[in-house]
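Try each task before you read its solution.

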Amino acid sequence: MTLCTPARTTNRPRIQRPHSPPDGPRRFRVAGADLSASVAVFLIALPLSLGIALATGAPLQSGLVAAAVGGLVAGRFGGSPLQVSGPAAGLTVVTAELIHRYGWRTTCAITVLAGLTQLALSALRVARSALAVSPAIVHGMLAGIGVTIALAQLHIVLGGTPQSSAVANVLGLPAQLAHAHPAALVISTLTVTVLLGWPRLPGRAGRLVRKVPAALVAVAGATAAATLAGLAVPRVDLPSWSSHALPGLPEGPVLGIAAGVLTITLVTSVQSLLSAVAVDKLVAARAAAGGNQGRSVPRSALDRELAGQGAANVLSGALGGLPVAGVAVRSVANVSAGAVSRASTMLHGLWIVLAALLLVPVLELTPLPALAALVMVVGIQMVSITHIRTVTRHREVVVYAVTLAGVVLVGILEGVALGIAVAIAVALHRLTRTRITREERDGRHLLRVRGQLTFLAVPRLSRALHQLPQGSDVVVELDGSFMDHAAYETLSDWTAGHLAHGGAVETTGPSGARIAEPTPVTDSASHPCCRPWTPWHNHQCGEPTTETPAETGPTTRLHLASGIGKFQRNTAPLVRDELARLAREGQRPSQLFLTCADSRLVTSMITSSGPGDLFTVRNVGNLVPLPGEESGDDSVAAAIEYAVEVLRVESITVCGHSGCGAMQALLGGSPDDPPTPLRRWLRHGRPSLERMASRRHAWARISGRLPADAVEQLCLTNVVQQLEHLRAYESVARRLAEGTLTLHGVYFHVGEAQAYLLSGTDEVHSYDDVFTQVMPTDHLEASDRLEAPGQLETSDRLEASGQLETSDRLEASGRLEAARAS
């Protein structure tokens with residue numbers, strides 16, 4: 001995000017940017033939230049690391065090595081401060097196959113080579129390219145891995161040994177069920193019961209004990225039961241660290257080794273990057289809810305995160321550990337526990353090291369069936385119902401199913417390749433699926449085109465156009481978001497020829513980015529004033545724009561009638577079905593939008609909203625009177641109550657704008673002004689004046705720069721103050737406490753046609769109010785679209801706040817003394 005440069009510069013000390021080396025020695029400090037979060041993540045990671053190592057067939061110590069390296073190395077050098085890395089269940093199938101085919105020492109060498117590949121890819125800055133993979137493919141891959149893990153671990157749960165493939169595990173399951181080991185089955189059942197039941201414990205006591213991770217309780221409970229009952233079940237066997245196996249030179253076919261490196265690189269990179277994006281969303285949601293007193297956590301730097309994962313894999317493989325990747329479960333636990341910096345992930349790695357050195361006798365009491373049951377449940381949970389619903393809603397269930405089946409039946413790399421091929425085929429099918437229909441209505445020929453107009457549809461389009469009678473009145477209705485050059489030329493050439501033979505052509509509906517209406521150049525040139533915004537601009541194409549004072553009334557009526565006529569002719573057919581549905585079902589707006597009555601603010605244009613989306617309230621100055629202060633006019637309070645209590649809106653937005661006449665009147669007012677209705681209404685804006693002049697509140701800023709003048713400063717401050725007024729309403733306060741309502745502040749700069757979003761509206765009291773620029777999504781990359789509007793980094797906020805000098809505040813206070821007195 002590019003920050004605006006202030007007009008006035010001051011001499012300020014250089015601000016140290018996050019993650020850069022310090023200028024001098026400083027003490028290492030750990031926040032209390034990071035310390036408690038690291039313990040919570042450690043308690044989850046310890047049993048999972050042992051279980052994943054067991055599932056791969058690797059030495060059990062390799063899971064502890066990967067967890068420690070992931071926490072210390074990826075946590076320190078990665079680009080996602082709160083993401084936790086370690087051995088991942090998504091790598092279980094890949095690693096198990098490599099160990100079975102090449103042995104453990106060669107698998108470690110492959111892990112090192114995969115880490116070096118990740119470092120090379122990060123240097124090429126291609127991390128964001130991984131986000132171009134369809135989510136259906138990623139979810140299908142993870143689901144396939146989960147099915148494979150669950151089938152393999154089910155054999156250990158029953159007291160047997162898993163086979164080498166998912167198909168073999170399914171075929172061998174009846175025989176394993178017939179010869180189930182009772183002791184192993186009891187321990188596994190106890191583990192699964194505790195694991196699933198622990199998060200559902202009711203009551204106040206349940207809320208307290210649920211703070212202990214379910215995985216730790218399940219494994220510890222199974223260990224205690226097996227020890228006290230004296231059950232004969234296999235247990236964890238941690239060999240001496242002196243005999244720990246380290247990597248050797250790769251032995252095997254070059255193509256097989258290369259395929260293993262490519263698979264490890266692909267799975268670890270995609271999983272880590274997607275997990276980092278998900279962590280950013282969780283952090284943004286936590287900040288919006290007021291977590292950690294507004295402490296800012298930088299967004300993930302994906303190329304740096306890929307480099308951190310590469311360094312962790314190099315070191316993990318060199319020390320005889322499993323491959324490392326960002327893990328969603330542990331990362332979610334880290335964010336939920338309140339972590340605020342990368343210190344929590346690093347401390348979790350330190351606790352793993354201490355446990356591996358000091359708790360070996362305790363760890364060796366753990367029954368292997370308990371670890372297998374834990375990993376089996378994790379594998380089943382990887383087949384997410386939420387993901388299935390999502391891909392079904394986006395009509396990508398075929399891609400998901402093919403990827404899942406390919407991973408289970410053939411392998412991960414082959415399954416992903418099949419998923420990519422099917423995704424490309426589905427995209428091409430949608431691109432070429434164009435429906436062209438013709439019908440005649442009241443002597444007019446209607447040609448409907450549904451879908452994208454590409455060169456593949458040109459033959460059918462040309463055939464349909466030339467079947468229309470010459471000299472007829474034709475309406476071409478386009479309902480697609482894209483038109484390529486070939487289709488554009490075909491439609492334009494036919495239109496010119498049809499008009500030349502005395503026909504009439506009207507093009508309606510969205511026609512893509514290339515053209516607004518395919519009419520000849522001579523026709524458009526006759527009205528050079530036509531612009532894309534003419535449907536809502538106060539303008540009539542081809543009509544006189546000058547008028548005498550005596551003609552003002554009739555011309556106004558003409559404009560109004562003409563505008564209504566254009567709505568009935570052009571817009572009404574497009575929105576009729578939607579409005580009919582809203583008429584049947586009633587309005588269900590998602591938010592209350594409170595803005596100024598200024599004629600330059602077109603709410604539907606700013607928010608890209610349509611019928612039924614916004615419950616809009618407009619008044620002079622976008623003011624929200626405090627409860628009980630409206631003096632007989634309860635219109636705003638009534639609208640708030642109706643929106644919050646009856647319509648159950650999910651958010652309330654207060655939108656101010658530049659050049660607000662109400663704010664200018666507030667600044668220019670004096671105690672001697674007559675008490676007109678406008679003056680009586682504007683008294684509700686006096687708290688904004690007082691907030692602006694107060695030394696207890698920092699001045700609001702726009703993307704790091706100070707406002708241009710006092711009017712703009714008051715416009716920004718007024719948005720923040722009206723949000724505080726909203727909190728005084730009982731219904732709003734109650735919904736905020738329940739977590740079912742959010743407040744947003746927006747500032748629209750009319751001259752720049754730019755919207756700014758207030759950062760952290762839930763904590764307007766606690767830190768500086770910053771309006772951040774909302775960039776067009778067409779210019780954002782995939783990960784930016786998934787994340788909340790960008791927060792200014794720490795150094796940017798400090799630098800911007802440094803621009804506010806004492807003289808500025810004193811000067812403003814002097815200008816506002818008279819207004820405050822009024």
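The exercises below cover helix pairs and cavities.

This is a predicted model: local features need pLDDT of at least 70, side-chain atom pairs count only at pLDDT 80 or more, and totals for chains, interfaces and linings use all residues. Residues are numbered from 1 along each chain as its sequence is written, and side-chain values use heavy atoms, with hydrogens and water left out.

**Exercise 1**

Describe how α3 packs on α4.

*Solution.* 
- Step 1: find the helices. α3 spans residues 92-102 and α4 spans residues 104-123. Helices are DSSP runs (H or I, at least four residues), numbered from the N terminus.
- Step 2: take the geometry. The axes lie 7 Å apart, at an angle of about 130°. Axes are lines fitted to C-alpha atoms over the stretch in contact, and angles run from 0 to 180 degrees between N-to-C directions.
- Step 3: classify the angle. α3 is therefore oblique to α4. Under 35 degrees counts as roughly parallel, over 145 as roughly antiparallel, 65 to 115 as roughly perpendicular, and the rest as oblique.
- Step 4: list the contact (heavy atoms within 4.5 Å). T95, L98, I99 and Y102 of α3 meet W104, T106, T107 and I110 of α4.
- Step 5: sort by class. The contact of α3 with α4 has 5 nonpolar, 3 polar and no charged residues. Ala, Val, Leu, Ile, Met, Phe, Trp, Tyr, Cys and Pro count as nonpolar, Asp, Glu, Lys and Arg as charged, and the others, Gly among them, as polar.

**Exercise 2**

Which residues of α1 meet α3?

*Solution.* 
- Step 1: α1 covers residues 32-56. Its axis and that of α3 come within 8 Å and cross at roughly 45°.
- Step 2: α1 and α3 are therefore oblique to each other.
- Step 3: I52, A55 and T56 of α1 touch T92, T95, A96 and I99 of α3. That contact divides into 4 nonpolar, 3 polar and no charged residues.

**Exercise 3**

Find the largest cavity and say what lines it.

*Solution.* 
- Step 1: count. There are 3 cavities of 30 Å³ or more. On a 1 Å grid over the protein atoms alone, a cavity is a set of points where a 1.4 Å probe fits but cannot get out; lining residues have an atom within 4 Å of a point.
- Step 2: size. The largest cavity has a volume of about 50 Å³, the space filled by probe spheres set on the points.
- Step 3: lining. It takes 10 residues, and R691, A698, W699, A700 and T717 lie nearest the centre. By class, the lining has 5 nonpolar, 3 polar and 2 charged residues.
- Step 4: elements. α28 (686-693) and α29 (710-727) each supply at least two lining residues. α29 gives the most, with 3 residues.

**Exercise 4**

Is α28 roughly parallel or roughly perpendicular to α29?

*Solution.* 
- Step 1: the axes come within 8 Å and cross at roughly 115°.
- Step 2: α28 is therefore roughly perpendicular to α29.
- Step 3: the contact of α28 with α29 has 6 nonpolar, 7 polar and 2 charged residues.

Technical notes:
On a 1 Å grid over the protein atoms alone, a cavity is a set of points where a 1.4 Å probe fits but cannot get out, and a pocket is an open set with protein on both sides within 12 Å along at least five of seven lines; lining residues have an atom within 4 Å of a point.
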